[in-house]
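Here are my notes on this model.

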Amino acid sequence: MSKIQIPYINLSAQWEEEKSFLLPVINDVFSSGQFIGGDAIEEFESNISSLCNSKYSVALNSGTDSLVCGLIALGVKRGDEVITPPNSFVASTSSIVHIGAKPIFVDVLDDQNIDPIKIEEAITHKTKAIMPVHLTGRIANMTELMKISRKYNIPIIEDAAQSIGSKYKGKFSGTFGEVGCFSAHPLKNLNACGDAGFLITDNFEIWKKIRKLRNHGFEKRNVVDEFGYVSRMDTLQASILNLRLKKLENVINKRRRNAEIYFEALKKLPILLPFEKPHEFNSYHTFVIQTDKRDQLKDFLFQNGIETAIHYPVPIHLQPASSYLRYKKGSFKNTEAQANKILTLPIHQFLENSDINFINDKIIEFFKL
Ligand SMILES: Cc1ncc(COP(=O)(O)O)c(C=O)c1O
């Protein structure tokens with residue numbers, strides 16, 4: 001059994017780095033007794049709006065709930081169809097299912113993002129929203145997607161859970177569609193110490209509706225004109241995220257530098273690397289390579305103490321929960337081929353250059369065997 005020397009993620013290193021200034025913040029929240037709502041939430045929402053360049057933002061309790069609330073606010077209802085890719089984390093699809101709508105899957109391109117040409121083929125009179133997923137922190141082709149949205153008058157809800165701080169043609173992730181939905185799950189680049197998420201929009205009515213939905217539907221105290229949910233971000237999480245937001249730029253820059261080291265060393269190998277296009281600014285939530293020898297490479301790296309991951313080994317249309325949708329193996333050629341080739345390498349901000357060099361050396365060694 002190999003001992004992991006380079007973990008895929010390192011939350012203990014983050015705690016060591018941050019505890020001297022996180023502990024007083026945690027202490028403040030506990031001594032104030034304010035665990036729900038309050039200044040920290042408003043400060044977080046204002047920080048997010050300035051960071052992403054959006055008019056409004058709503059702090060919520062998860063990325064999944066931001067998708068559910070976003071879909072409801074767009075007026076998507078039981079029986080409607082929502083177009084989305086099948087190669088995401090299950091929450092993109094489950095949010096559609098939970099409001100009674102039907103996910104309509106559309107295959108992806110080499111960059112793992114939804115194929116705009118195939119979207120047009122999937123549109124019907126029941127299509128009420130398009131949900132691209134900016135997988136790995138790389139934004140989907142929003143130029144083409146916005147053209148389709150305007151042509152058919154179908155709103156876009158961006159699953160931007162993995163892409164805080166990413167840009168496409170200089171515009172921030174989450175600001176293209178009607179709503180942008182984000183996760184602050186502990187494994188994300190901007191991470192809470194538990195579940196948390198948020199949503200951005202420029203639409204005042206959507207903002208108002210989601211603020212109500214997250215708090216039982218209360219319009220004002222004791223008055224509910226529409227039943228809602230409990231989907232508030234904890235004050236404690238908002239306080240932690242406000243501190244971590246100050247470091248986000250550094251986190252993203254470090255991940256980008258790590259990516260550069262990978263690109264330089266691995267560019268001549270028979271691997272598909274996630275090279276950044278000139279109009280992209282990727283935040284590298286994950287660094288995913290594609291190779292036909294994925295399983296052997298994963299084992300070899302593990303034997304050498306390097307932990308990797310696969311995002312995601314089973315496409316959503318092939319999950320048992322999707323059987324009622326009647327998709328089959330072979331329905332989405334690229335998604336299924338990628339599921340056997342993708343490998344996520346460590347890219348987190350606590351890696352030393354020597355760690356990435358070691359990983360590169362081992363990958364080069366593997367391809368020489
Ligand atoms: C693409 C994508 N969508 C949605 C989610 C759901 O976010 P959360 O775990 O905060 O509910 C995630 C989180 O893992 C995700 O990666």
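At what angle do helix 3 and helix 4 pack, and how far apart are their axes? Point 2 takes this up.

1. Ground rules. This is a predicted model, in which local features need pLDDT of at least 70, side-chain atom pairs count only at pLDDT 80 or more, and totals for chains, interfaces and linings use all residues. Residue numbers start from 1 along each chain, as its sequence is written. Helices (H or I, at least four residues) and strands (E, at least two) are DSSP runs, numbered from the N terminus.

2. Helix 3 against helix 4. The packing angle is about 40 degrees, and the axes of helix 3 and helix 4 are 9 Å apart. Axes here are lines fitted to C-alpha atoms, for helices over the stretch in contact; angles run from 0 to 180 degrees between N-to-C directions. Helix 3 and helix 4 are therefore oblique to each other. On this scale, angles under 35 degrees count as roughly parallel, over 145 as roughly antiparallel, 65 to 115 as roughly perpendicular, and the rest as oblique. Helix 3 passes helix 4 in a right-handed crossing. A crossing is right-handed if the near helix is turned clockwise from the far one by less than a right angle, and left-handed if anticlockwise.

3. Who makes that contact? Helix 3 brings Gly63, Thr64, Leu67, Val68 and Leu71, while helix 4 brings Ala91, Ser92, Ser94, Ser95, Ile96 and His98. Two residues are in contact if their C-beta atoms, placed from the backbone, lie within 7 Å. By class, the contact of helix 3 with helix 4 has 5 nonpolar, 6 polar and no charged residues. The classes are these: Ala, Val, Leu, Ile, Met, Phe, Trp, Tyr, Cys and Pro are nonpolar; Asp, Glu, Lys and Arg are charged; the others, Gly among them, are polar.

4. The ligand. Which residues of its shell are the closest? They are Ser62, Gly63, Thr64, Ala161 and Ser183, out of 15 residues around the ligand. A residue is near the molecule if its C-beta atom, placed from the backbone, lies within 6 Å of it. Helix 3 (63–73) and helix 4 (91–98) each supply at least two residues of this shell. By class, the shell has 4 nonpolar, 9 polar and 2 charged residues.

5. Helix 3 against helix 7. Helix 7 covers residues 204–213. The axes of helix 3 and helix 7 come within 10 Å and cross at roughly 130 degrees. The two helices are therefore oblique to each other. This crossing is right-handed. Cys69, Ile72 and Ala73 of helix 3 meet Ile206, Lys209, Ile210 and Leu213 of helix 7. That contact divides into 6 nonpolar, no polar and 1 charged residue.

6. Helix 9 against helix 12. Helix 9 (residues 248–266) packs on helix 12 (residues 353–368) at about 30 degrees, with axes 10 Å apart. They are therefore roughly parallel to each other. Helix 9 passes helix 12 in a right-handed crossing. Asn258, Ile261, Tyr262, Ala265 and Leu266 of helix 9 face Asn353, Ile356, Asn357, Asn360 and Ile363 of helix 12 in this contact. The classes here are 6 nonpolar, 4 polar and no charged residues.

7. An open sheet of 3 strands runs in the order 3-2-4, with parallel pairing. Two strands pair if DSSP finds at least two bridges between them. Strand 3 (102–105) and strand 4 (127–130) are the edges, each pairing on one side only. Neighbouring strands of this sheet are turned by 30 degrees against each other on average, direction ignored. Strand 2 (residues 81–84) and strand 3 share 4 bridges. One pairs Ile83 with Ile104 in strand 3.

8. Another open sheet has 3 strands in the order 7-6-12, with antiparallel pairing. Its edges are strand 7 (171–172) and strand 12 (280–281). Strand 6 (residues 167–168) pairs with strand 12 over 2 bridges. In strand 12, Glu280 is the bridge partner of Tyr168.

9. Backbone points to look at. Most residues other than glycine have a negative phi, and most peptide bonds are trans. Asn153 has a positive phi, near 55 degrees. Asn153 sits in the loop between helix 6 (142–152) and strand 5 (157–159). The peptide bond from His311 to Tyr312 is cis, with omega near 10 degrees. Tyr312 lies in the loop between helix 10 (294–303) and helix 11 (333–339).
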